[in-house]
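Trainee: I would like a close look at one part of this model, with the rest brought in as background.

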Amino acid sequence: MQTRYEHVKSRYRNSVVATTYDSSRFLSAKGQKRNRLMLAAIQRAFDKAASLGTPIRDCLDLPCGTGRLFPWLLQRQLQFVGADISLEMMRAGWTKIGAASSGGVRLGLVQCDGEYLPLKDRSLDAVFSIRFIFHVPREQRVRILQEMARVSRRWLIVDFRHCYNVRWCFRWLCHGLGLAKHLGEVWSRASLRCEAADAGLRLVGIFSPRRGLACFSDKWVVLLEKADGKS
């Protein structure tokens, strides 16, 4: 029987899902607002890394999907590689970077599984991983975080679902009443630090998309640093 994680991976290889992904998630007024808030949190993590003496100049976007981060990365003149298991999603995302390929920004796309990245050790300043890691079972998740750490010189910027929010409390109540099948994975600050340590990482900062109203967002953008301290 196919696991939930395997189902998610196969779903994003569907060409219909790939071509409708942006319109279903990011093009409505609500989706655009949610995306702006998330990008603002990513920006704060990005700025924090720079303030600690190692600015991010090149990075891996994993999984890049349809290129949600591509415009943001291009605006900051970052050199980047987009990686995804789904060739269909990357084809949809190519339209966002095709015109930029002659603009002096070095970029590329590679199809791969996050558990086995075809990149050399310490080949990029950072790895960005948005809307992915909380879909992955713990065994594979730690292995993927270790792979991200391997190819990064210092930084990971990853989003996690946390337990300190109204949405989680409501879902937990519905699950208890038998109205929700899956609770999904969420992290406390302590469990996040523990899992980061298991992957050879250290928690540097947590950035909520809603800042002062963090309890109304179920996600954190997290800045992680390689625990060996080498950049």
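Which residues form one aromatic cluster?

Mentor: The model is predicted, and what follows is computed from it. The aromatic cluster consists of Tyr 12, Tyr 21 and Phe 26. Within it, Tyr 21 and Phe 26 make an edge-to-face pair, with 5.8 Å from centre to centre and 75° between the planes. Tyr 21 has a relative accessible area of 11% and Phe 26 also has 11%; both are buried because the cut-off is under 20%.

The structure holds seven aromatic pairs. Another of them joins Tyr 164 and Trp 220, whose ring centres are 5.8 Å apart; their planes meet at 35°, so this pair is tilted. It links distant parts of the chain, since Tyr 164 sits in the loop between β5 and α7 (166–176) and Trp 220 in strand β7, 56 residues apart.

Helix α6 contributes the most, with six residues. This core has 30 residues, and those touching the most other members are Leu 60, Ile 133, Met 148, Leu 156, Phe 160, Leu 201 and Leu 224. Beyond its neighbours within four places in sequence, Leu 224 is in contact with residues that include Leu 156, Val 158, Phe 160, Ala 196 and Leu 201. Trp 155 is another of the contacts of Leu 224, but Trp 155 belongs to a second, separate core of 27 residues, which also includes Ala 41, Phe 46 and Trp 72.

The remaining topic is the cavity. A search of the whole structure finds one cavity of 30 Å³ or more, and the largest cavity holds about 420 Å³ of space. It is lined by 27 residues, of which Pro 63, Gly 65, Asp 84, Arg 131 and Phe 132 are the closest to its centre. The lining divides into 14 nonpolar, six polar and seven charged residues. Helices α1 (4–11) and α2 (15–25) each supply at least two residues of this lining, and α1 gives the most, with three.

Note on methods: Residues numbered from 1 in each chain as written. Predicted model: local features only at pLDDT ≥ 70, side-chain atom pairs only at ≥ 80, totals over all residues. Heavy atoms only, no water. Core = buried A, V, L, I, M, F, W, Y, C linked by side-chain atoms within 4.5 Å. Buried < 20%, exposed > 50% of the residue type's maximum accessible area, 1.4 Å probe, protein only. Helix = DSSP H or I, 4+ residues; strand = E, 2+ residues; numbered from the N terminus. Contact = heavy atoms within 4.5 Å. 1 Å grid on protein atoms, 1.4 Å probe; cavity = no way out; pocket = protein on both sides within 12 Å on 5 of 7 lines; lining within 4 Å. Points joined across faces, edges and corners; volume = space filled by probe spheres on them. Nonpolar A, V, L, I, M, F, W, Y, C, P; charged D, E, K, R; others polar. Phe/Tyr/Trp six-rings, centres within 6.5 Å; stacked < 30°, edge-to-face > 60°.
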